[in-house]
Amino acid sequence: MHPSVVSDKPGNCPICNMKLVPIDAPGETNQREAKVETKKTLYRSTMNPNEVSDKPGKDSMGMEMVQWR
């Protein structure tokens, strides 16, 4: 709300009493963005659900594996 108000510790704005929120310093990444999880595509056998691979192809029975996640 008041960009001129800066503090090195948590607290409230002395002007409007709103809670201060952290900002990223130049060169730092936001921690919330760093926690973004990437999902890996997996493939599984249609006949044996315990047979899983990270690459498409055929299972041990020669059947085409299907995309799972």
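This passage describes the fold, the surface and selected residues of a single protein chain in a predicted model.

The chain contains 1 helix and 3 strands. Read along the sequence, these elements follow the pattern α-β-β-β. The helix, H1, spans residues 31-34, and strand S1 covers residues 43-44. Strand S2 is formed by residues 52-53 and strand S3 by residues 66-67. Of the 69 residues in the chain, 12% are buried. The chain exposes about 6400 Å², and carbon and sulfur atoms supply 53% of this area. Among contacts between residues at least 6 apart in sequence, 15% join residues at least 24 apart.

In general, strands of a sheet pair through backbone hydrogen bonds, and the pairing may be parallel or antiparallel. In this model the sheet has 3 strands in the order S2-S1-S3, and the pairing is antiparallel. Strands S2 and S3 are the edge strands, since each of them pairs on one side only. Strand S1 is joined to S2 by 2 bridges, and these two strands run antiparallel. Within this pairing, Tyr-43 has Ser-53 of S2 as its bridge partner.

The loop between S1 and S2 contains Ser-45. This residue counts as buried because its relative accessibility is 0%, whereas the cut-off for a buried residue is under 20%. Leaving aside residues up to four places away in sequence, Ser-45 touches Glu-51, Asp-59 and Met-65.

Together with Met-61 and Met-63, Met-47 makes a nonpolar surface patch of about 330 Å². Met-61 is located in the loop between S2 and S3. With a relative accessibility of 56%, Met-61 counts as exposed, because the cut-off for that class is over 50%.

Charged side chains form a further set of interactions. In general, side chains of opposite charge can pair when their charged atoms come close. The count of salt bridges in the model comes to 2. One of them joins the side chains of Asp-54 and Lys-40, with an N to O distance of 3.5 Å. Asp-54 lies in the loop between S2 and S3 and Lys-40 in the loop between H1 and S1, so this pair ties together parts that are 14 residues apart in sequence. Asp-54 is partly exposed, with a relative accessible area of 40%, while Lys-40 is exposed, at 56%. The side chains of Lys-58 and Glu-64 also meet in a salt bridge, again with an N to O distance of 3.5 Å. In this pair, Lys-58 counts as exposed at 58% relative accessibility, and Glu-64 counts as partly exposed at 48%.

Two residues in the segment before the helix were also examined. Leu-20 is found in the segment before H1. Its relative accessible area is 23%, and Leu-20 is therefore partly exposed. When residues up to four places away in sequence are not counted, Leu-20 touches Val-5, Ser-7, Lys-9, Gly-11, Asn-12 and Cys-13. Leu-20 and Val-5 are 15 residues apart in sequence, and their C-alpha atoms are 8.8 Å apart in space.

Asn-17 is also placed in the segment before helix H1. Although Asn-17 is not a glycine, this residue has a positive phi of about 70°. Asn-17 is exposed, with a relative accessible area of 56%.

Note on methods:
Residues numbered from 1 in each chain as written. Predicted model: local features only at pLDDT ≥ 70, side-chain atom pairs only at ≥ 80, totals over all residues. Heavy atoms only, no water. Pairing = 2+ DSSP bridges. Helix = DSSP H or I, 4+ residues; strand = E, 2+ residues; numbered from the N terminus. Patch = residues over 30% accessible without salt bridge, like charges linked within 9 Å, V, L, I, M, F, W, Y side chains within 5 Å. Areas by Shrake-Rupley, 256 points an atom, 1.4 Å probe, with all protein chains shown as cover. Salt bridge = Lys/Arg side-chain N within 4 Å of Asp/Glu carboxyl O. Buried < 20%, exposed > 50% of the residue type's maximum accessible area, 1.4 Å probe, protein only. Contact = heavy atoms within 4.5 Å.
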